[in-house]
Amino acid sequence: SELPSIQVDTFCVHGHPNGFITGIRGKVQCVSEEDLDKKETQLEKQEMIKEKCYLRFPTLPFIPNEPYDVIDTDYDNFSLVSGAKDKSFIQIYSRTTNPGPEFVEKYKSYLTKFGYEPSKIKDTPQDCEVMSNSKLAAMMSMCGMQQALTNQFPDLGLNSPIELNPFTSIFDTLKKLVELYFK
């Protein structure tokens with residue numbers, strides 16, 4: 001039988017609270033305890049991870065499973081999640097909307113216990129407008145949101161083919177496509 005999993009919706013509201021939205025839906029699934037010994041790396045054994053998990057994107061099967069290992073958590077206030085096979089990506093989660101710099105610094109320092117260097121951990125800006133649960137639910141139910149998260153984009157209904165110049169930068173090409181999809 002399939003192990004339990006959690007759905008992870010990662011999205012960005014661009015520019016301002018009513019800006020356009022992009023995102024992706026992932027699935028986190030953990031390894032069973034019986035399989036943990038077989039699949040755990042030496043680094044993970046040193047870190048004494050609590051859960052060995054993988055993040056995958058079902059709608060993008062060409063992207064390999066990414067580690068999503070819970071290094072430590074108290075289940076009520078914080079979680080430390082490694083998102084790489086080495087020490088290049090770590091996430092500090094809080095159940096508090098904006099826990100403040102003291103919280104972040106506390107857990108950056110705590111991560112030295114697991115071999116992370118606090119000065120190399122980059123902060124993610126937390127300057128977004130705080131959104132109520134009802135506003136978040138309304139945004140998640142917006143027309144097109146579920147399709148965007150699952151990479152099911154609507155038919156553009158173009159009357160002529162779009163011309164993509166191979167000498168244009170990849171960023172200009174992506175910008176053109178984003179403008180078409182999210183006009």
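**Exercise 1.** How many bridges join E6 to E7, and in which direction do the two strands run?

*Solution.* The model is predicted, so local features need pLDDT of at least 70 and side-chain atom pairs count only at pLDDT 80 or more, while totals for chains, interfaces and linings use all residues. Residues are numbered from 1 along each chain as its sequence is written, and side-chain values use heavy atoms, with hydrogens and water left out.

Step 1. Helices (H or I, at least four residues) and strands (E, at least two) are DSSP runs, numbered from the N terminus. Two strands pair if DSSP finds at least two bridges between them.

Step 2. Read off the bridges. E6 and E7 are joined by 5 bridges and run antiparallel. Within this pairing, Ser79 stands opposite Tyr93 in E7.

Step 3. Turn to E5. Strand E6 (residues 78-82) is joined to E5 by 4 bridges, again antiparallel. Here Thr73 has Ser79 in E6 as its bridge partner.

**Exercise 2.** State the strand order of the open sheet that contains E6, and describe what packs on this sheet.

*Solution.* Step 1. The open sheet has 3 strands in the order E5-E6-E7, with antiparallel pairing. Its edge strands, each pairing on one side only, are E5 (69-73) and E7 (90-94). From one strand to the next the twist averages 25°.

Step 1. Helix H3 (residues 101-110) packs on the sheet and touches E5, E6 and E7. Its direction makes about 135° with that of E7; axes are lines fitted to C-alpha atoms, for helices over the stretch in contact (heavy atoms within 4.5 Å), and angles run from 0 to 180 degrees between N-to-C directions.

Step 2. Look at the connection. E5 and E6 form a hairpin with 4 residues between them, and Tyr75 in the turn has a positive phi of about 70°.

**Exercise 3.** Decide whether the residues of E6 are buried or exposed.

*Solution.* Step 1. Buried means under 20% relative accessible area, exposed over 50%, and partly exposed in between, with a 1.4 Å probe and protein chains only.

Step 1. In E6, 5 of its 5 residues are buried. In a regular strand the side chains alternate between the two faces of the sheet. Phe78, Leu80 and Ser82 lie on one side of E6, Ser79 and Val81 on the other.

Step 2. Take Val81 as a case. Val81 counts as buried because its relative accessible area is 3%. Leaving aside neighbours within four places in sequence, its contacts include Asp69, Val70 and Tyr93. The C-alpha atoms of Val81 and Asp69 are separated by 5.4 Å, although the two residues are 12 apart along the chain.

**Exercise 4.** Classify the ring pairs that Tyr107 forms with Phe78 and with Phe103.

*Solution.* Step 1. Rings of Phe, Tyr and Trp (its six-membered ring) pair if their centres lie within 6.5 Å; planes under 30 degrees apart count as stacked, over 60 as edge-to-face and the rest as tilted. The structure holds 4 aromatic pairs.

Step 1. For Phe78 and Tyr107 the values are 4.4 Å centre to centre and 20° between the planes, a stacked pair. Phe78 is in strand E6 and Tyr107 in helix H3, 29 residues apart.

Step 2. For Phe103 and Tyr107 the centres are 4.8 Å apart and the planes at 55°, so this pair is tilted. Both residues are buried.

Step 3. Ring pairs link Phe78, Phe103, Tyr107, Tyr110 and Phe114 into a cluster.
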